[in-house]
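Morning, everyone. I have one model to walk through today, and I will keep it brisk.

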Amino acid sequence: MIRSMRWKGAAFTVPFQLGFVFLYLLPIGYAVYESLFTEKQSGLGLGGATTEFVGLDNYTQGLTDSAFMNSILRVVLFACVQIPFMLLTSLLLALFLDAVTSRVASRFRILLLVPYMIPGVVAAIVWVNLYSPDVGPLTPIGKALGFDWNFFAPSMVWPSIGNLLTWHGIGYNMVIIYSALQGVPRELFEAARLDGASELRIARSIKIPYVRGALVLTGLLSIIQMLQIFNEPALFRNITPQTVSDSFTPIMIIYNQAFNAGNYNYAAALSVLLALILGVASFLFYRLTSKEAD
């Protein structure tokens, strides 16, 4: 009977297991397989293409591709500014919601979650139109206040994208941190207040240490999302191609290699390299934050 119940319980995981195999493992395996080959044209390129096994040559080319490595460096530097700012803002909002009544918190929580409910592409289109000097309201408002800003200028592209990403993701991160705050024993707050601790001291010494795990989780998710950024720069490229090139981010390079240049094998190798870089970055971030927590 016990064995039968175990098999019945395991049967509930079959849909997930099938989805994981067919939607994750098989595509990854196929990408690795494709990355080991390349297509070569015979003669002057007029003959048919032949597929040849090249081993790790595509990976070597990717590691020495200055455009690909520069795009990774560009995104990493941007992430070092945008992610801490977004998580700090999410933490402050979560602390604010934890300090107010549950009725007020529920209203603000829904309001802050609205941007996350909007699909990323739609959010990017909305903000591109808001930034537009022709149809957007931000440029006229800036001129009325004495600011002559251009959100598509080279010096403003990353801040404009960062504002978009922060607006879109701040509610999701806030909910995760706020949920962690709800698990903090309230007796600790009462004891701290009886000892004369201020609300600021309670937040700094009790609440923030308790939500360290949530901050690590949101940090990991933000790192993974950041290195895969594509929608926002791609839409900005339609507006200002002289500022946002087709090698602006790693995913844009992979997309162009696969669908514009038709070099699927090299694009597969770059995808595997990016996945490895994401894994290493996430592992290092987790280890460093875990040591700090210890």
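**Annotation, helices and cores**

UniProt, in an unreviewed entry, places "transmembrane region" at residues 12-33, 72-96, 108-130, 164-181, 210-230 and 266-286. Its positions are given in the numbering used here, feature names are shortened, and annotations may be inferred rather than shown by experiment.

Ground rules next. This is a predicted model: local features need pLDDT of at least 70, side-chain atom pairs count only at pLDDT 80 or more, and totals for chains, interfaces and linings use all residues. Residues are numbered from 1 along each chain as its sequence is written, and side-chain values use heavy atoms, with hydrogens and water left out.

Back to the annotation. Residues 72-96 are 100% helix and 0% strand, with the end C-alpha atoms 35 Å apart. Helices here are DSSP runs (H or I, at least four residues), strands likewise (E, at least two), numbered from the N terminus. Residues 210-230 come out at 81% helix and 0% strand, and their end C-alpha atoms are 34 Å apart. The unreviewed UniProt entry also lists "domain: ABC transmembrane type-1" at residues 72-285. That stretch is 79% helix and 0% strand, and its end C-alpha atoms are 17 Å apart.

Now the packing. Which residues touch the most other members of the largest nonpolar core? They are Ile161, Met226, Phe236 and Phe248, in a core of 26 residues. A nonpolar core, for us, is a set of buried Ala, Val, Leu, Ile, Met, Phe, Trp, Tyr and Cys residues joined through side-chain atoms within 4.5 Å. Buried means under 20% relative accessible area, exposed over 50%, and partly exposed in between (1.4 Å probe, protein chains only). At least two residues of this core come from each of helix H4 (66-99), helix H6 (120-131), helix H8 (157-182), helix H11 (212-227) and helix H12 (231-239). Another core lies apart from it, with 15 residues, among them Ala94, Leu113, Ile176 and Ile177.

Take Phe236. Beyond its neighbours within four places in sequence, Phe236 is in contact with Val128, Tyr131, Phe151, Phe152, Ser160, Ile161, Leu164 and Val244. Contact means heavy atoms within 4.5 Å.

Phe236 also sits in a helix pair. Ser160, Ile161, Leu164 and Leu165 of H8 meet Glu232, Pro233 and Phe236 of H12. The two helices pack at about 135°, with axes 10 Å apart. Axes are lines fitted to C-alpha atoms, for helices over the stretch in contact, and angles run from 0 to 180 degrees between N-to-C directions. So H8 is oblique to H12. The cut-offs: under 35 degrees is roughly parallel, over 145 roughly antiparallel, 65 to 115 roughly perpendicular, and the rest oblique. The H8 and H12 crossing is right-handed.

H4 and H8 pack at about 40°, axes 7 Å apart. That makes H4 oblique to H8, and this crossing is right-handed.

How do H5 and H8 pack? Helix H5 (residues 102-117) meets H8 at about 140°, with axes 6 Å apart. H5 is therefore oblique to H8. Here the crossing is left-handed. On the H5 side, the contact uses Ala105, Arg109, Leu112, Leu113, Pro115 and Tyr116. On the H8 side, it uses Trp167, His168, Gly171, Tyr172, Met174, Val175 and Tyr178.

Not counting residues up to four places away in sequence, Leu112 touches Leu93, Gly171 and Met174. Its C-alpha is 7.6 Å from that of Ile170, 58 residues away along the chain.

Next, H7 (residues 138-144). Outside four places in sequence, its contacts are Tyr131, Ser132, Pro133, Trp149 and Phe151. Leu138, also in H7, is partly exposed at 24% relative accessibility. Leu138 and Trp149 are eleven residues apart in sequence and 9.0 Å apart, C-alpha to C-alpha.

Last stop, H13 (residues 250-260). Pro250, Met252, Ile253, Ile254, Asn256 and Ala258 are buried there. Gly262 follows H13, with a positive phi near 75°.

Methods
Left-handed = near helix turned anticlockwise from the far one by under 90°.
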